[in-house]
Amino acid sequence: MKEVANWRRSKKSRLIIIVGLLIIVAVIAFFFEKTRLWMLGIGIALLVALGLEVSNTDVDLGTLMETGSLSESVVQRDEDGNAIYGAMCEENVYNCGDFKTQGEAQEVYDTCHSADNRDRHGLDRDGDGVACQSLPAGT
């Protein structure tokens, strides 16, 4: 599970995955005429994702739906291209009791830990890189 989290934190890995998916979609569209329209739609979505990734930009769709403002929906990213979710990474905002699953706690730990290699919330007391091990597994 930790390897997948490391891939997600690597901009290079995310770019390789998006480009790989674009190639697969192009091959499917080329060989299977009945899927071309679907593959065109998927290809456009992947091109948008590639553009957002290259420009270190992301949009919070929930905020966009609530506010209707694209400028208010833009999510900040650090120098590695990882999303920074405002107050989430302020000092000691969360503890393990704030999460239902270990996966939720791990997401916050990974996001905040990537900025400066500190466990801001104390979610990984034993320092093994796994947050809130006592919580049930889940995403």
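Visitor: Which residues make up the largest nonpolar core?

Guide: The model is predicted, so treat every value as computed from it. The largest nonpolar core has 9 residues: Phe99, Ala105, Val108, Tyr109, Cys112, Leu123, Ala131, Cys132 and Leu135.

Visitor: What makes this set a nonpolar core?

Guide: Membership needs a buried residue of a nonpolar type, joined to the set through side-chain atoms within 4.5 Å. Take Cys132: its relative accessible area is 3%. Buried means under 20%, so Cys132 passes. Leu135, also in this core, touches Cys96, Phe99, Thr101, Gln102 and Ala105, leaving aside residues up to four places away in sequence. A second, separate core has 7 residues, including Ile18, Leu22, Val25 and Leu46.

Visitor: How do you know that Cys96 and Cys132 form a disulfide?

Guide: Their sulfur atoms are 2.0 Å apart. The cut-off is 2.5 Å, so the pair qualifies. A search of the whole structure finds 1 disulfide. The pair links distant parts of the chain, 36 residues apart. Cys96 is in the loop between strand S3 (83-84) and helix H6 (102-116), while Cys132 is in the segment after H6.

Visitor: Why is this disulfide called left-handed?

Guide: The torsion about the S-S bond of Cys96 and Cys132 is about -90°, so the disulfide is left-handed.

Visitor: Why is Cys96 called partly exposed?

Guide: Cys96 has a relative accessible area of 23%.

Visitor: How do you know what span to expect for helix H3?

Guide: H3 covers residues 36-54, which is 19 residues. The expected span is 1.5 Å times one less than the number of residues.

Visitor: Which residues of H3 are buried, and what puts them on the same side?

Guide: Met39, Gly43, Leu46, Leu50 and Glu53 are buried in H3. They cover an arc of only 80° around the axis, which puts them on the same side of H3. An α-helix has 3.6 residues a turn, so residues three or four places apart point the same way. The face turned away from the buried side of H3 carries the exposed residues Leu37 and Leu40.

Visitor: Why is the pair of Phe30 and Phe31 called edge-to-face?

Guide: The count by the ring-centre rule is 1 aromatic pair. Phe30 and Phe31 form that pair, at 5.0 Å centre to centre and 85° between the planes.

Visitor: What is the pattern of helices and strands along the protein chain?

Guide: The protein chain has 6 helices and 3 strands. Read along the sequence, the pattern is α-α-α-β-α-α-β-β-α. Of its 139 residues, 30% count as buried.

Technical notes: Residues are numbered from 1 along each chain as its sequence is written. This is a predicted model: local features need pLDDT of at least 70, side-chain atom pairs count only at pLDDT 80 or more; totals for chains, interfaces and linings use all residues. Side-chain values use heavy atoms; hydrogens and water are left out. Rings of Phe, Tyr and Trp (its six-membered ring) pair if their centres lie within 6.5 Å; planes under 30 degrees apart count as stacked, over 60 as edge-to-face and the rest as tilted. Helices (H or I, at least four residues) and strands (E, at least two) are DSSP runs, numbered from the N terminus. Buried means under 20% relative accessible area, exposed over 50%, partly exposed in between (1.4 Å probe, protein chains only). The arc is that of the directions from the helix axis to the C-beta atoms. Contact means heavy atoms within 4.5 Å.
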